[in-house]
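Please read the points below with the sequence and the structure side by side.

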Amino acid sequence: MEFAELIKTPRVDGVVLHRPFMPTVEGTLCLTGHHLILSSRQDNTEELWLLHANIDSIEKRFIGSLGTIIVKCKDLRVIQLDIPGMEECLNIASSIEALSTLDSVSLMYPFFYRPLFEVIEDGWQLFVPEEAFKDLESMTDEWRLSEVNKDFSVCPSYPSLLTVPKDIDDESLCKAASFRHGGRFPVLSYYHKKNGMVMMRAAQPLTGTNGRRCKEDEKLINATLCAGKRGYIIDTRTVAVAQQAKARGGGFEQEANYPQWRRIHKAVERSNVLQESLIKLVEACNDQSHSMDRWLSKLEASNWQSNVKEILTTACLAAQCIDREGASVLVHGTEGTDSTLQVTSLAQIILDPACRTIRGFEVLIEREWLQAGHPFQQRCAQSAYSNGKPRSEAPVFLLFLDCVWQILRQFPCSFQFNENFLIMLFEHAYASQFGTFLGNSVAERLKLLLSQKTVSLWSWVNRPQELERFLNPLYEPNNLVIWPSVAPQSLLLWEGVFLRWNRSSKCLDEANQEMVHIIEYNKELQNKVNSLRRQLAQLETEDGPLQTP
Amino acid sequence: MEHIRTPKVENVHMIDRLTPRKSTVGTLYLSSTHTIFVENSEARKETWVLHSLVYNVERLPTNPSGSPLLIRCKNFHVYRLLIPQEKDCLDVLASLTRLSRPECYGELFCFSFNPNLDKELREKAWGFIDLKAEFSRMGIPSNLWHVTAANHEYRLCETYPSELFVPKSAFPAVIVGSAKFRSRGRLPVLSYFHRDTSASICRSSQPLSGFSARSTDDEQMLHAIMKSNPVSELMYVVDTRPKLNAMANRATGKGYENEDHYTNIKLQFVGIENIHVMRSSQQKLVDVGELPAPSMSDFLWGLENSGWLKHIKAVLDAGVFIAKAVAEDGVSVLVHCSDGWDRTAQACSLASVLLDPYYRTIKGLMVLIEKDWVSFGHKFSHRYAHLDGDPKEVSPVMDQFLECVWQLMQQFPCAFEFNERFLIQLHTHIYSCQYGNFIGNCQKERRDLRLQERTHSLWPHLWENRAEYTNPLYRTDHSQTQGVLKPLTTAYCFKFWKGMYGHADKSVASHQSPADCLNAVREESQQLEEELIAHQEVPRETDAGQETCPTEGEENFRGEEEDQQAV
């Protein structure tokens, strides 16, 4: 297919762009296969480059022959384009609609994008399971790397290499896989170096209504317990939801069959509910005419903040079991690809200082989200402005980032990255020139040949020039476990994402610059003092004790 | 001491509601001014609670482990004690109840508080804020404004300061006539003069207009105010009440200006609710903070139901309206409510904060509070329940002003010299009665109490500790620092003030504060600067001296500023 077929009017002059809190721009609108571009052809004025993939929905209006297109983006921005000429406007609108909803992945921009920078470090090699396993091996010999899923037949959403208890053979793994939803048998998610406790994740067991059991599954998870120790199973669903799942062949671990485990149910919402929550929240944030009462009631009704609180509470619980109770934990919900990953990845941020560095956080996303089979492409197909009936869209990853932001805000000195890093990840998960978030699993990504045909987000982010924007000037590495407060008053609306386009960020940006300035000035002074101290020490050794007048 | 039934109770538990494992055991002492809890732990950590800060004391039903006692403070801290013997608990309850409700001014802490300052220093301390100097900073007196002796010995208006600034063109008879036509004699006088536009903010109480009354003196007074701004032919009268309330007042012979009787005035209602609505709103907000394990919905619903942020928005909107009129339209504004000492003080002082960068400095905010609140007769002792009195007089008027400033700080992080801690400290002392500044309800009452001889002033104390109250992001040459602030007042811009209201539970307190980190870094920078200078002074043969000291004006300025603070 040629993109040209979809573009009836590639260029319109005299288009006026309106954006809230920014001056209007008049210029020429151009459509390309992947971008909507508005250029005023003047120096010093900003141009608009918008990926079609970033467009969530559009609306058109006409007053006489002046057409207006309201473009609503997945990054939540809303812009207005005034286009002279009804035909031009209709053509542009239909092109945008077609180009922003391309079905085929291989037509997406990452397959066409050629980087203007030299790839120094290939982001596709950021996380190598074999190397991660070497680290684990240096701490414990209880685990092995299994190739049971090398052709993705045991579990299509898992990667080919999985870390499992040493004493469990591949045959048992296959049997356990047949007892878990989608074949997602329990695998290692995190090893807590401090006390040797582990966190595993899986999908729900397929007990069904007649209480099926699977000896291999029981053996598998028991193999992770120390002698005489109990573990916790954290089911991210309420008891009622877990009970209902039985009717559809799912279920939860029966006490009788897992006597060494205590099961705790939490109430993390399922992904389809989350999409509704996002839509309501963004609707509330975009209406500036709301009275205080209406705003607060809409914020409450969206349930977004409740979701943040519930996810963080569950992650804290998992971390608490591991660090405070000295117990191992198994986390699962239904499919084990959404709420499970939110909980396991957040628990690691709480427990493991390495995850709070830029590199460590990238690895966490590779390991616990991309390789663990979170279906990014399905979940991020649409954002808050989708009109159609939601299929499998859900802001699962955005909620995770929101939770990370909450912790970051409570521990502003404990993270190497800043808020902009999280916002950038949100943007790229929904629309990007990079291939990282394409596909729904490792298997799909291999089939798409992403690592050969597209550039990894990490290849770009990890260049020193880019990285600078994402560094937190207040960062002081600390090796502590950080316990966030989950009290409602401690959890704020993530303004950086949800109010980003509804206010001017000038003053807040200035504050950040000032912060960087203070820290940099301090470093500069430190360097000068250190170099002087060295010179002084040198002089003293050369000349003997210095004589001061 | 006669009110203390038991001076000491042992084995008392201080309960942390959210994290019971953080609860501690210790000894409780009652002194004539404080409740003191000393932990049995090795650190022997002490918690001091001033009696005058206690809002109420509540005893919960005795249970097998003892008698629980809840001490709620006016700064929203809550202490949960568990006293082993019921009898001790009853004694502590009775003692604290009496001690926290002084019956006369003489009982207040400020009269016994003695920070070891000699008489001369104390007198000097009371001169720390000079309102005459403040008006002269604004350019007053000028050829259009002057000071009038009309209120000498408070004979015109008991609750106003003795020195008032009025238009030169207003004759004494007009001044007296206008005072007679205003509730409690609180005539229109100058609060703030904006040099850039010559527009002014004046304040008063409501006119005694009823349904038809008028006063040519009052009309002339307003005309004189309008004429004192030579470039404008118009003047706004901002009635800070909801229109309905203002209309209801007409039935009692009060009300608002009839636009037909006054030349070129434009009347504007801004709808700030009265003190009773605000009192109950804040109570609801505080109750939300005390909910046991609230869900997000409980919290947000409670926040909405309290109406608190709605009221905060109304107060800030009033300030924004006035500031815009003065700075953008160059039009003078007369602000009033009913008596002109609550909502009027809020609106005038907030407009001043928005208009004038000086009021966004540590010293400037002190001056502003002294001017718009203390001197103009905001009824501190009534509003903040310094004495056991009419509970209907109590209302968080100043709390709202401080919170509006805090909300502004969230939008303009570099615009204020002071930090959140400064606002919270001010709030505490407005209630604490430790210093004499906020005792009484007007200047005359404070003079009669001879407060300057008998008590100490808060301002120099805060000034000496200003390093603690400094916002590290503030810079005098910053774009946010200069000029008029134009905040966004969309509903979503207002936040729950956790630093103020989030104290019901200790464990909710924030973990790390960016401002504290930055202050520590700046302090270190200062030490490094000193070391660099010291190194430079050591004579050396090498030429390394060239790179020792930063010479950029900006950096040096910052260093000097900190030097001053360290004194």
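1. In this predicted model, helix 1 (residues 86-99) of chain B lies across strands 1 (8-15), 2 (24-30), 3 (34-39), 5, 6 and 7 of chain B, and runs at about 155° to strand 5 of chain B. Contact means heavy atoms within 4.5 Å; helices (H or I, at least four residues) and strands (E, at least two) are DSSP runs numbered from the N terminus; axes are lines fitted to C-alpha atoms, for helices over the stretch in contact, with angles from 0 to 180 degrees between N-to-C directions.

2. The 7 strands of chain B form an open antiparallel sheet in the order 4-3-2-1-7-6-5, where pairing requires that DSSP finds at least two bridges between two strands. Because strand 4 (46-50) and strand 5 (54-59) of chain B each have a single partner strand, one side of each is left without a neighbour in the sheet. Neighbouring strands of this sheet are turned by 30° against each other on average, direction ignored.

3. Within that sheet, strand 6 (residues 67-73) and strand 7 (residues 78-83) of chain B pair in the antiparallel sense over 6 bridges, and B:Arg72 stands opposite B:Val78 of strand 7.

4. An automatic or database assignment divides chain A into domain 1 (3-102), domain 2 (140-499) and domain 3 (508-549). The C-alpha centres of domain 2 and domain 3 of chain A lie 44 Å apart.

5. Residues are numbered from 1 along each chain as its sequence is written, and chains are lettered from A in the order in which they are written. Local features need pLDDT of at least 70, side-chain atom pairs count only at pLDDT 80 or more, and totals for chains, interfaces and linings use all residues, while side-chain values use heavy atoms, with hydrogens and water left out.
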